[in-house]
Amino acid sequence: MSYAVRAPSVLVAALILLAALWVPTPAVAADEPTASFGEDVTTVTRGDVVEIRVRHSQPGTLNIGGDGYGYHLSVALVGSGTTTLTIDTYNSTGAPETYVSGGGNKTLHTGQLSEPIEPTTYVMNVTIDGVERAIGQLDIAERGNTSATTNVAPASLNDSDTAMSTERIRGEITERTTVAKGDLAVVRLDESGLESALNPGDVTGGANANGIEITLNQLEVRPNREQQTFLATPENGTTVVTDFETDEVFVIWDTSDLPLEGDAEDYELQVTLRGDHSDFVDEDTITARSRVRLVEPTVSIEVRNETVYPWESPQVTVTGETTLAPNSVVELRARAPGQPFLKLVPMTVTANRTVTQNLTFAPEDRGLTFPLWVRDYRDQTEHTMRILDSEASLRFVDQETDGTFVTVSRVNLSVGGFVAVETADEEPMGTSAYLPPGTHRNVVVEFDRRQLVDAELLAIAYADRDRDGNFSAAVDAPYRTGGDETESGATDDDVAGDSDESADDDAAADDDRVTGTIVADDAMVRLEPGAKTPTPTATTTASETESTPAMTTTPFPVVERTPLEPAAAGTNTGIPFSPGLTVVALVLTGLAARRLRR
């Protein structure tokens with residue numbers, strides 16, 4: 001058989017096979033109705049309000065449940081588009097119109113409920129012209145116990161004239177069980193199914209409160225006393241604020257009027273459902289509880305560098321601890337008696353209940369002594385601040401000596417220190433023992449080596465900058481007049497971060513950064529083998545004595561000897577300071593010029 005004869009037969013067979021396999025698909029009518037649920041499964045806790053969204057192209061009917069569920073609700077869907085229904089699952093014991101909103105006519109095909117709708121899974125569907133077009137599911141979950149946590153907030157949270165918002169509450173509270181009396185105890189409830197039942201204005205457990213009762217109960221019952229229980233009412237200092245979008249309830253309790261005996265008082269906040277007025281329970285049931293420990297409000301502070309020396313930057317750091325709520329603001333006060341000097345500085349309590357503040361004083365504040373305290377807590381916090389000024393004077397007169405000592409007639413040092421004696425060539429001869437703040441007479445300076453010839457000597461007043469009671473030429477610096485003793489190179493950070501070790505480094509800083517004339521006086525010292533030292537005397541004030549460092553052994557002991565009157569000829573006296581000056585000194589012209597160049 002030729003190919004020309006076979007080809008048509010193969011083609012015909014293929015067409016017959018294709019025709020046998022082809023099944024026509026029915027066409028969908030362009031105007032066929034459609035429906036769908038916003039969520040295939042909608043979940044709600046029993047007692048809360050649920051929202052159901054239905055999209056439909058034509059009018060229809062939403063059905064929830066059925067005869068097999070003991071609950072069958074139908075709601076007419078009017079027109080087309082999206083219909084939103086809300087169902088209050090707590091108040092579901094009346095006619096459907098009382099607890100269902102949205103949609104058209106509402107019909108309950110089963111009998112009315114005697115208590116809130118039972119928790120279970122209900123089938124939902126949408127029918128249009130009797131044909132089921134969408135199917136969904138409504139899950140009503142069993143209520144759980146409401147959880148509670150105790151927080152604290154500053155009393156200022158209650159000060160606003162506007163309604164208290166949940167956003168403001170969240171921004172002010174800190175989770176703590178310890179609350180200082182006068183602050184706010186804020187118990188945060190994660191509510192479960194109480195959205196419709198809770199009446200924020202009435203939580204006393206009665207019918208108007210739907211059986212919800214919130215109380216604060218005293219835990220420790222003292223002898224011959226009854227346990228005290230406080231209802232969460234405005235009369236007892238309580239405000240209830242709700243946010244059902246996040247299922248939160250805030251019970252804000254002003255603790256100002258709560259009893260506090262001793263250092264602390266323990267309370268427990270309870271949320272109770274009263275069986276005679278609650279549709280959730282048959283008997284009284286505690287659904288949440290949280291502890292509150294009430295304590296006395298206290299503040300304590302420490303003042304770093306309570307005494308500010310002339311060579312230090314006039315800054316101090318105040319730190320402290322408190323039982324007050326975080327975000328509370330306390331006022332730090334400083335006032336100099338009899339002076340136009342008053343500082344009012346706010347301090348905010350941190351999350352860990354501490355306060356910190358840096359204070360900077362002006363140059364004109366030097367010389368002041370004043371109290372520093374926290375307002376309303378003065379007995380607990382008062383400190384005495386001293387912003388010391390640099391004032392010194394000395395009188396070094398011509399005299400006779402056996403070559404082992406000299407006597408400086410009068411020395412006045414505002415912050416204590418030493419008197420060093422040196423030659424015209426700036427060679428050190430010796431240094432006095434430590435001199436506390438105040439006035440000293442007949443200060444003896446023992447020489448490190450014997451003086452062999454008559455000579456002009458210079459006595460210089462030094463401040464004990466490291467406050468160790470021992471003279472160190474590398475650290476201790478001369479008093480100056482007409483200048484600033486403060487090291488200009490110090491920064492705020494340097495001052496705030498200084499330690500005892502860094503004080504030595506600061507004291508040894510370049511003297512080029514300080515100005516003014518060195519406080520010194522010169523005298524002609526002649527050799528006299530029989531010369532004796534006078535008896536030293538000192539006069540100090542009470543405030544100066546308190547800032548005096550502990551006395552330590554000095555390598556230059558003071559030797560008591562019989563006073564020697566200065567020679568009449570060539571006597572050169574020092575000039576004491578006037579009240580308006582920091583220090584005044586008289587220095588030989590040649591020696592003064594040489595010292596100022598140093």
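**Close-up views of a predicted model**

**View 1. Surroundings of Glu248.** Once the neighbours within four places in sequence are set aside, Glu248 is in contact with Arg170, Arg188, Leu189, Asp190, Glu191, Val241, Thr242 and Asp243. The model shown here and in the following views is a predicted one. Glu248 belongs to strand β18, which covers residues 248-254, and with a relative accessible area of 6% Glu248 is buried. Although Glu248 and Glu195 are 53 residues apart along the chain, their C-alpha atoms are separated by 9.4 Å.

**View 2. Salt bridges of Arg170.** The side chains of Glu248 and Arg170 meet in a salt bridge, with a distance of 2.6 Å from N to O. Because Glu248 lies in strand β18 and Arg170 in helix α3, this pair ties together parts that are 78 residues apart in sequence. Arg170 also forms a salt bridge with Asp243, and in this pair the closest N and O atoms are 2.7 Å apart. Here helix α3 (residues 166-172) supplies Arg170 and strand β17 (residues 238-243) supplies Asp243, so the pair ties together parts that are 73 residues apart in sequence. Arg170 is partly exposed, its relative accessible area being 33%, whereas Asp243 is buried at 13%.

**View 3. Salt bridge between Arg375 and Glu331.** The structure holds 18 salt bridges, and one of them joins Arg375 to Glu331, whose closest N and O atoms are 4.0 Å apart. Arg375 is found in the loop between β27 (368-374) and α4 (378-381), while Glu331 is part of strand β24 (residues 329-335), so the pair ties together parts that are 44 residues apart in sequence. With 46% relative accessibility Arg375 counts as partly exposed, and Glu331, at 22%, counts as partly exposed as well. Elsewhere, salt bridges that share partners join Arg170, Arg188, Asp190, Asp243 and Glu248 into one network.

**View 4. The open sheet that contains β17 and β18.** Five strands form an open sheet with antiparallel pairing, in the order β12-β11-β14-β18-β17. The edges are taken by β12 (174-175) and β17, each of which has a single partner strand, so one side of each is left without a neighbour in the sheet. Strand β11 (residues 147-153) pairs with β12 in the antiparallel sense over 2 bridges, and Val152 stands opposite Thr174 in β12.

**View 5. Aromatic pairs.** A search of the whole structure finds 11 aromatic pairs. In one of these, Tyr71 and Tyr122 are arranged edge-to-face, at 6.2 Å centre to centre and with 75° between the planes. This pair links distant parts of the chain, since Tyr71 is in strand β5 (residues 71-77) and Tyr122 in strand β9 (residues 121-128), 51 residues apart; both Tyr71 and Tyr122 are buried. Phe418 and Phe471 form another edge-to-face pair, at 5.5 Å centre to centre and with 75° between the planes. Phe418 lies in strand β32 (residues 417-423) and Phe471 in the loop between β35 (455-463) and β36 (477-478), so the pair ties together parts that are 53 residues apart in sequence. Phe418 is buried at a relative accessible area of 1%, whereas Phe471, at 26%, is partly exposed. Phe418, Tyr434, Tyr462 and Phe471 form one aromatic cluster.

**View 6. Arginines over aromatic rings.** Arg143 lies over the face of Phe280, at 4.6 Å from the ring centre. Arg378 lies over the face of Trp373, and here the distance from the ring centre is 3.7 Å.

How values were computed
Residues are numbered from 1 along each chain as its sequence is written. This is a predicted model: local features need pLDDT of at least 70, side-chain atom pairs count only at pLDDT 80 or more; totals for chains, interfaces and linings use all residues. Side-chain values use heavy atoms; hydrogens and water are left out. Helices (H or I, at least four residues) and strands (E, at least two) are DSSP runs, numbered from the N terminus. Contact means heavy atoms within 4.5 Å. Buried means under 20% relative accessible area, exposed over 50%, partly exposed in between (1.4 Å probe, protein chains only). Two strands pair if DSSP finds at least two bridges between them. Rings of Phe, Tyr and Trp (its six-membered ring) pair if their centres lie within 6.5 Å; planes under 30 degrees apart count as stacked, over 60 as edge-to-face and the rest as tilted. A charge sits over a ring if NZ of Lys or CZ of Arg is within 6 Å of the ring centre and within 35 degrees of the ring normal.
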